[in-house]
Amino acid sequence: MNNRKSRGTTSFLLGNEAIARAALEAGIHFASGYPGTPSSEIIRTIVPYAEKSNVHVEWSVNEKVACEGAAAAAFAGLRSLAAMKNAGLSVALDFLTHLSMTGLGANNGSMVVVVCDDPDGHSSGDETDSRWLARFSYAPLLEPSSIPEAKQLMRWAFELSAEYDCHVMLRSYTRLSHASTLIELEEIRQKGVQSHTDSSVSISPYLAIDKHADVIKRLARIRERFEDSSFNTYEGPDRPELIIICGGSGYLCVRDAVESLGIDQSVGILKLATLWPFPKQLVADHLARTDRFLIAEEVDPYIEIHVKETMVDDGRNGKQIFGKESGHIPAYGEITPDRVISALADIRGMEYTGRSAEYGKKIAAQADPLIVGRGLAWCPGCPHRATFWALEKAIKQDRRNAYLTGDIGCYTLDVFPGGKSLQNLLHAMGSGAGLASGLGQLGRFGYEQPVIAVCGDSTFFHASIPALINAVTNRSNLIQVVLDNQATAMTGFQPHPGTGTNALGQQAPKIEIEDLCRAMGCRVTVADPFDVRSSIRTIRHLLKEDTGVRVLIMRRTCELVRMREENFKPVTVSVDDEKCKGDECRICTSEFRCPGLVWDDLEGYASIREDICSGCGVCADICPFNAIAKEEVA
Amino acid sequence: MKNWPEPFNLVVCGVGGQGNILISRLIGRILTAQGYIVSIGETFGAAQRGGSVFSSLRISKKRLYGPLIPEGRANVILSLEPMEALRQMKFLGNPEVMVLSNSKIVQPVDVLVGRDNYPDFDKLKSTITNLSKHAWFVPATDIALDLGSPIVTNIVMLGALVGSKTMPISLKQAEDEVRATIPDSQIELNLEALKKGYQAALGADAA
């Protein structure tokens, strides 16, 4: 929606943009989130409407705080949205489980939590299925099957939230969030309200048993509502040979599969959009239509298990359920048209090939040998490449086998083919600091390796701070390297508390990482990763200090952010082929691994790709033979 | 278009950072304006950092399709890097597929490091040609560099797609979309890139 010239009442929108648009049309007052692929475009889309449509928009410090802020707005009688990726929902869950117990305070407020899952883990360390967490946290759950439906479901989610006085969850996924199509736009109309809270009332989850009983009753009422929802649809014959039950991404894959096999006359498709509470009666009615069912969904067998539960409750025996538990649909990963085609062909005993076997053989014989993997790597000019270069050298020179705990951000690319694989342990946001805090206290068990944690600037604020406080107060020994590139780079350069700007690009109080770390009792050093030699010396020195919590801030703006603002190369580099040692060295390409520097196989020395090089000049400092010259651009 | 396959499946692929998303959206909007129902699927995020990226466009006269193309069903593959064209043909290719590729290679990191070798370009080209109905190779990066900006390589390839006449898109429709979408200061450069790509495809021998 951003940067596009208006085209009347329709617009070509990303799934995430359609979700944001629906929230605006529903009249939201408050939107918050923490960036994370594939969710980041939701909050970004709302930013331009902050002024003209009077919406508070913020990038929160983490997902839990985003949900707390959005809930606060609902308690004050407003409409709010919180958006995050699947991993972020886990961060927010402690609050959300309690929020379900209290409801939204009967003050006419409403709140929708949008979670974007990443089946296949395209941009995530896991592909966890958030649908379970809706059930776990007693939240009504809607799941759209297409972008137009996502927009409608979002509008409905706000109505449900207001009506039942609880937050509603909408699950999106990569193939919806990052797909786009033409969407009808309606007017953005916000209800003018005077926000207020009632100081004479105490809203809390205590006494938990009574509140839980109320929540169960609320969910029972919502279930009745879901049984009749027009978003749950059936298409196909009255008495089909087989019914495919699907939701989310599964639905359009099923349509493709049924069309490919030409079996629309004999199979029915039951599409479910209201997934918790599960519409048992509706499903039971369809169980009566036939004896064979295929459940097509991603990632976990969520619908499948609920269908089986419904079968037992409804006293129906003798039904055949095909799906993940029968092995017809893979137990992990995305749902795709081909996965449904192959399940259907298997169940019905049909032969199907997407293309001729002869062509498939040709591909295997001719194409496969020519295709080389394309692993992820840091961008040309990325400061992280220089930081990891310095870390590797310093650790080698230190000779004590330092152990690295990693974190989530662009520096995670260290463990991909373009990186150095220095990070030994890598888990969730902020876990690098927590793991290091633990390792750094194992001296009494003979643990002698120096411990280094790495995290980025946004991650530092999101989840590293409590772990560092834990390390200080428990006398752990570690170095926390903060790779401060002045942006939440991996997800699209969003601001954070250390950038001095907010989501709207306005000036905000800047929280200095070094001040915060000193206040927590850490010793702090700041270095520039592009000054490679000095960075190596600094890291070696910090390793020698050996005790206490030492924070090293490697500060250099993300190269993509700099290029956006400055749009020029600060230096030009060139390779002196007289000095280049050729194949006997090759350090610049085989170890430094910048895409702007390639190996010329014919000539046998390094060369610069002008269309790729960003002009950081670091390669001139890592060449042991001074064969790369850099010249400042005037 | 004669022989319209329902739906028409277009793949736009390349290496993260080459701008495949922008051109797939331009194409999506051009076709939408003509009344086609278009669904685009993309992956971005981590894949941007030097990895293989691709957008799939499902273009229909009847209904909204899901973003994923079934095996062997690409009608056209538009690639900003030659090996990436072949990578998409591996799963989506078929004897009828039309392929348009930038001829400039981008070395994967495993090649930079010396762990792997980039395939011989002539062999790559002849394989793509053998496994497709028609293949066009356009020196899009060189054309863009001549225009003073490697960033418009993607727009050169969009021009080439229009010039190949494999899709129901006219040069004027593409120009109008560029004018409607690209920031004002960049319009002239992009229109020039579009035209150069268009001419390159007309001039290039469809192998």
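User: Which residues does B:Met98 touch, leaving out residues up to four places away in sequence?
Analyst: In this predicted model, B:Met98 touches B:Asn75, B:Val76, B:Ile77, B:Lys133, B:His134, B:Trp136 and B:Thr166, not counting residues up to four places away in sequence.

User: And where is B:Met98 found?
Analyst: B:Met98 is in strand E5 of chain B, which covers residues 98–102.

User: Let's move to how the chains meet. How many residues of chain A are in contact with chain B, and how many of chain B?
Analyst: On the side of chain A there are 65 residues, and they are in contact with 75 residues of chain B. The area buried between chain A and chain B is about 5900 Å², and carbon and sulfur atoms give 55% of that area.

User: Which residues of chain A lose the most area there?
Analyst: Those are A:Leu370, A:Val372 and A:Arg374, which together account for 15% of what the chain A side buries against chain B.

User: What about charges, how many salt bridges cross between chain A and chain B?
Analyst: The rule finds 6 salt bridges across that interface. In one between these chains, the side chains of A:Asp368 and B:Lys90 meet at 2.9 Å, taken from N to O. Across the interface of chain A and chain B there are also 24 residue pairs in polar contact, with both residues at pLDDT 80 or more.

User: Which parts of chain A supply that side?
Analyst: Several elements of chain A each supply at least two residues of the side that touches chain B, among them strand E1 (10–14), strand E8 (179–184), helix H10 (250–261) and helix H13 (337–348). By class, that side of chain A has 30 nonpolar, 17 polar and 18 charged residues.

User: You mentioned strand E8; how does E8(A) run against strand E2 of chain B, parallel or antiparallel?
Analyst: They run antiparallel, with 2 bridges joining E8(A) to strand E2 of chain B, residues 37–42. Within that pairing, A:Ala179 stands opposite B:Gly41.

User: Changing topic, what is the strand order in the sheet of 7 strands in chain A?
Analyst: The order is E3-E2-E4-E5-E7-E6-E12, in an open sheet whose pairing is mixed. Its edge strands are E3 (56–59) and E12 (274–276) of chain A, each of which pairs on one side only. Strand E6, residues 141–142, pairs with E12(A) in the antiparallel sense over 2 bridges, and the bridge partner of A:Leu142 in E12(A) is A:Thr274.

User: Which strands does helix H4 touch as it packs on that sheet?
Analyst: Helix H4 (residues 63–75) of chain A touches strand E2 (30–33), strand E4 (79–85) and strand E5 (110–117) of chain A, and the helix direction makes about 170° with that of E4(A).

User: And the sheet of 6 strands in chain A, what is the order there?
Analyst: That open sheet has the order E16-E15-E17-E18-E20-E19, with parallel pairing. Strand E16 (423–425) and strand E19 (523–527) stand at the edges with a single partner strand each, so one side of each has no neighbour in the sheet. Neighbouring strands are turned by 30° against each other on average, direction ignored.

User: How many bridges pair E19(A) with strand E20?
Analyst: There are 5 bridges, and E19(A) and strand E20 (residues 549–555) pair in the parallel sense. The bridge partner of A:Val524 in E20(A) is A:Val551. Helix H19 (residues 532–545) of chain A lies across strands E17, E18, E19 and E20, running at about 170° to E20(A).

User: Back to salt bridges, how many are there over all chains?
Analyst: A search of the whole structure finds 52. Within chain A, the side chains of A:Glu149 and A:Lys271 meet in a salt bridge at 2.4 Å, N to O. This pair links distant parts of the chain, with A:Glu149 in helix H7 and A:Lys271 in strand E11, 122 residues apart.

User: Last one, which residues does the cis peptide bond with omega about 10° join?
Analyst: That bond joins A:Thr37 and A:Pro38, and A:Pro38 lies in the loop between E2 and helix H2 (41–46) of chain A. The peptide bond from A:Trp276 to A:Pro277 is also cis, with omega near -5°.

Definitions and conventions: Residues numbered from 1 in each chain as written. Chains lettered and ligands numbered in written order. Predicted model: local features only at pLDDT ≥ 70, side-chain atom pairs only at ≥ 80, totals over all residues. Heavy atoms only, no water. Pairing = 2+ DSSP bridges. Helix = DSSP H or I, 4+ residues; strand = E, 2+ residues; numbered from the N terminus. Contact = heavy atoms within 4.5 Å. Axes fitted to C-alpha atoms, helices over the stretch in contact; angles between N-to-C directions. Buried area = accessible area lost by both parts, 1.4 Å probe. Salt bridge = Lys/Arg side-chain N within 4 Å of Asp/Glu carboxyl O. Polar contact = N/O pair within 3.5 Å; in protein donor to acceptor, adjacent residues only side chain to side chain. Nonpolar A, V, L, I, M, F, W, Y, C, P; charged D, E, K, R; others polar.
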